[in-house]
Amino acid sequence: MFTEKQTDLISFFEKNKESLLLEWEQLIIIANGDPYREKIRDNAEALFNVILTMHKITEQELLDIIQKLAIEISEERVIADINMGDFVYNVNLGRTVLYNYFSKTSLEWNELQQSINKINFCFDKFLFYAVSHFTEAKNKIIEEKTMVIDSTHQDRLTLLGQMTSSFIHEFRNPLTSIQGFIQLLKADYPHMRYLDIISSELDQLNFRISQFLLLSKKELIGKERDHFKLNKLIDEVLNFLYPSILDGKVKIKKELIEDITLNGYADEIRQVFINIIFNAIDVLNHDRNPNPTVEINSWLENDQQIKITISNNGTMIPAEIRKTIFEPFFTTKKLGTGLGLFVCKEIIEKHKGELSCLSTPEKTTFSITLPVPASYGD
């Protein structure tokens, strides 16, 4: 309970209530467009009234009143969508105004101390309840927006998957026929020009179709995991991309460990290497780099994983872009689908591995980690 002199202090504040509130109102920050700007003074008065009654009620009753008021005002701040820092600043201004009025009383400092502690208790609890509720409400809004975005995003993927499933065979069937006839022509006319180019372009088309096939989560009928040599597969990819490498005058540096046999879907892993290496060549071509270089390295980690890095000395990928390059439909290319790296990540994770990217001004590196069969090294 308050002493008689401390109660006199409350009476003093009550008599000077209007001047206190006016001084507080003149100092506060009000953001443009705040829909509750006309109510800010009412809120200040409500908090001030709590101070005036704090000596008449129990601490629990005081806490209940402060919490109720704090949540009501916090809801307004959430709707107003105004910087919460301004709100905290304005509340503390009220505390400062009250302290300034202490000098106008005839009370000694030791007689004011309990009142100061109680006032601090009210202001601190008010800010705690208000900021906590504001943070929870904002987090809830963010979660709801994220759910909507994720739902929309998932709907797009589902629709794309359904579309892919419905007409994937419309692509596959004629493509298979054309590739078959190309092989017949090669057998009958082994020296016919351009057949290799046609065959190579068909392989590229088949690769693009496979990206959509993988995106739809559909597997080819009868497709099974198999064993394949990693270094041999990388050499096949480099041979496949040789025209692009030659055209871009790109230097390929390889430093691979002994050929390791992996278990999985070789055609899918091949697509990953094609995509990443081709992207590196494309970046170097656009950069007009005087010494365009792609480095491919591999090494074992704890005899349980093999790590393959594919680096190029092209322009650094900005951090904000690097965060989203593995997202579907994200692309910086005019004619890009935004599916390449997304599908690569899906493939690697499907093989219980990891795909990541690190970019510095010197070089950009895509790192692939894949598990090594348990029998390796036995």
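Is Pro-318 buried, partly exposed or exposed? I looked it up first. Pro-318 is partly exposed, at a relative accessible area of 31%. My cut-offs: buried is under 20% relative accessible area, exposed is over 50%, and partly exposed lies in between (1.4 Å probe, protein chains only).

**Basis.** The model is predicted: local features need pLDDT of at least 70, side-chain atom pairs count only at pLDDT 80 or more, and totals for chains, interfaces and linings use all residues. Residues are numbered from 1 along each chain as its sequence is written, and side-chain values use heavy atoms, with hydrogens and water left out.

**Pro-318, continued.** I placed Pro-318 in the loop between strand S5 (305-312) and helix H11 (319-322). Helices (H or I, at least four residues) and strands (E, at least two) are DSSP runs, numbered from the N terminus. I then checked Thr-360, which is 42 residues from Pro-318 along the chain. Their C-alpha atoms are separated by 8.8 Å.

**Whole chain.** I counted 12 helices and 7 strands in the protein chain. Of its 378 residues, 40% are buried. The accessible surface is about 22200 Å², and carbon and sulfur atoms hold 54% of that. Areas come from the Shrake-Rupley method with a 1.4 Å probe; for residues, only the protein chains shown count as cover. I also looked at contacts (heavy atoms within 4.5 Å). Among those between residues at least 6 apart in sequence, 75% join residues at least 24 apart.

**H3 and H4.** Helix H3 (residues 40-53) packs on helix H4 (residues 59-80) at about 170°, with axes 11 Å apart. H3 is therefore roughly antiparallel to H4, a label for angles over 145 degrees. Axes are lines fitted to C-alpha atoms, for helices over the stretch in contact, and angles run from 0 to 180 degrees between N-to-C directions. From H3 the contact uses Asn-43, Ala-46, Leu-47 and Val-50. H4 contributes residues including Leu-62, Ile-65 and Leu-69.

**Around H7.** Ser-199 sits in helix H7. Ser-199 is buried, with a relative accessible area of 14%. Leaving out residues up to four places away in sequence, I found Ser-199 touching Ile-182, Gln-183 and Lys-186. Tyr-189 lies in the loop between helix H6 (109-188) and helix H7 (195-215). Tyr-189 is partly exposed, at 46%.

**H12.** In helix H12 (residues 340-350) I noted buried residues, among them Phe-342, Cys-344 and Ile-348. Lys-352 follows H12 and has a positive phi, near 65°.

Technical notes: Angles under 35 degrees count as roughly parallel, over 145 as roughly antiparallel, 65 to 115 as roughly perpendicular and the rest as oblique.
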